[in-house]
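User: I am new to this structure and would like to learn how to read its charged side chains. Could you take me through them step by step?

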Amino acid sequence: MGEIVKLYVHPDRKEWMEIMSRSKAEESAQVTEIVAGIINEVKARGDEALCEYELRFDRARLDSFRVSKAEIEDAERLVPEPLKAAIAQAQKNIAAFHSAQLMQPVMVETTPGVVCEQRQVAIESVGMYVPGGNSPLFSTVLMLAVPAAIAGCSRRVLCTPPGADGKVNAAILYAASLAGVEEIYKVGGAQAIAAMALGTESIPKVSKIFGPGNRFVMEAKQQVTKFGTAIDMPAGPSEVMVIADDAANPDFVAWDFLSQAEHGPDSQSIALVESEAMAQRLENAISSHIADLPRREMMLKSLSHSSIVVLDKSEIMDFANEYAPEHLIINTADADALASRVVNAGSVFIGAFSPESAGDYASGTNHTLPTSGFAKCYNGVNIDSYMRKITFQRLSKEGLQALGGTIEIMAENEDLIAHKQAVTWRLNHINE
């Protein structure tokens, strides 16, 4: 089993950083160069370049990028009723949780006559990227489009790659329609990110781009920020950390471990356990359950840079917070106590019956989360991701008189005399 997943028993703290190291995408310099070329081509040739890239990468020959109403209606007929019901339940829960995040305006009179206010204002145009391929992520449609609608973003654009037949996965179209997305375009990869960032004849330029993707998509998101387009967060391969005590069901932990490996060959799973006996039970469960899974060969690549780490209980949360996992599952008798000590994580799953799958699909939290340790400084997508907070202030004559002297002194001592005079002249006018 050691050849499938690494086992570390009470490693010295000096070894922790090596154990925590993420999978590094190969040929990163080449990816950067390829993506830069795609962006430049889309910038120079617009739709013409998109057509060429769609034929080259998705093998789709397209006459039009925009998904028609007829295609959306066809998709609704193609999606099985049980899946429709599941998507609707997930949509309801995601909407409930994200609606609760809306903030009321903040208004404070900081000094008599000086009133400061903060208001949330939606980003007007947002772009959402949804991967297709072997795993068309219709769940991601909900995670991105539902909060965008609740926030009030007036233009919501979705790009997703078509199949070789030029059609978009029916479940993706159904979820988009349910979430109120009207502009859906058949464009994938780095070219889709470039199109939304720069604008083409068919696809509008947006102010902020959301969504996951492969390393080409992630590189494109990073590169288009230099054109004034914001992104949700930097991201790398998906990851999970599971904390399990000796009483945890090893099968539960193994399935959480394997669920993450299912995301892709660069994904990483780490289990933190308190004894070698639990480590052995977990190793056995992983080995047993992976045997018949359809994605076994790909998952083995993920498991080759995954690990089980035996630590003293006193060390576990130090290790977890240093790693800053995208997903953190706490499957212990004292899960609430450990959860209260979490300071670095994208999303936390508390207790034996809280699998990562719940957050991935339907609990209501968002599954678009920071990876690669970025949970130390970024949060996952939420309602604020689609908003800007604008501040306002109103000073009455009395307010300026009360605060004016402070402003004059500060401006003069920063040698910004025009700043001072902007106050002084008003005060003189009031006193005339």
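User: Is Arg 77 buried or exposed?

Analyst: This is a predicted model, and in it Arg 77 is exposed, because its relative accessible area is 60% and the class begins over 50%.

User: Which residue does the side chain of Arg 77 meet in a salt bridge?

Analyst: A salt bridge is read from the distance between a side-chain nitrogen of Lys or Arg and a carboxyl oxygen of Asp or Glu, which has to be within 4 Å. Here the side chain of Arg 77 meets that of Asp 74, at 2.2 Å from N to O. Both residues belong to helix 4 (residues 69-78), where they are three residues apart, about one turn of the helix. Asp 74, with 38% relative accessibility, is partly exposed.

User: Where do Lys 313 and Asp 334 lie?

Analyst: These two side chains also form a salt bridge, at 3.1 Å from N to O. Lys 313 is in helix 13 (residues 313-323), whereas Asp 334 is in the loop between strand 12 (327-331) and helix 14 (335-339), so the pair ties together parts that are 21 residues apart in sequence. Lys 313 is partly exposed at 46% relative accessibility, and Asp 334 is partly exposed as well, with a relative accessible area of 24%.

User: How many salt bridges does a search of the whole structure find?

Analyst: The search finds 16 salt bridges. Among the residues involved, Glu 41, Arg 45, Glu 48 and Glu 52 are linked in a network of such contacts.

Conventions
Residues numbered from 1 in each chain as written. Predicted model: local features only at pLDDT ≥ 70, side-chain atom pairs only at ≥ 80, totals over all residues. Heavy atoms only, no water. Helix = DSSP H or I, 4+ residues; strand = E, 2+ residues; numbered from the N terminus. Buried < 20%, exposed > 50% of the residue type's maximum accessible area, 1.4 Å probe, protein only.
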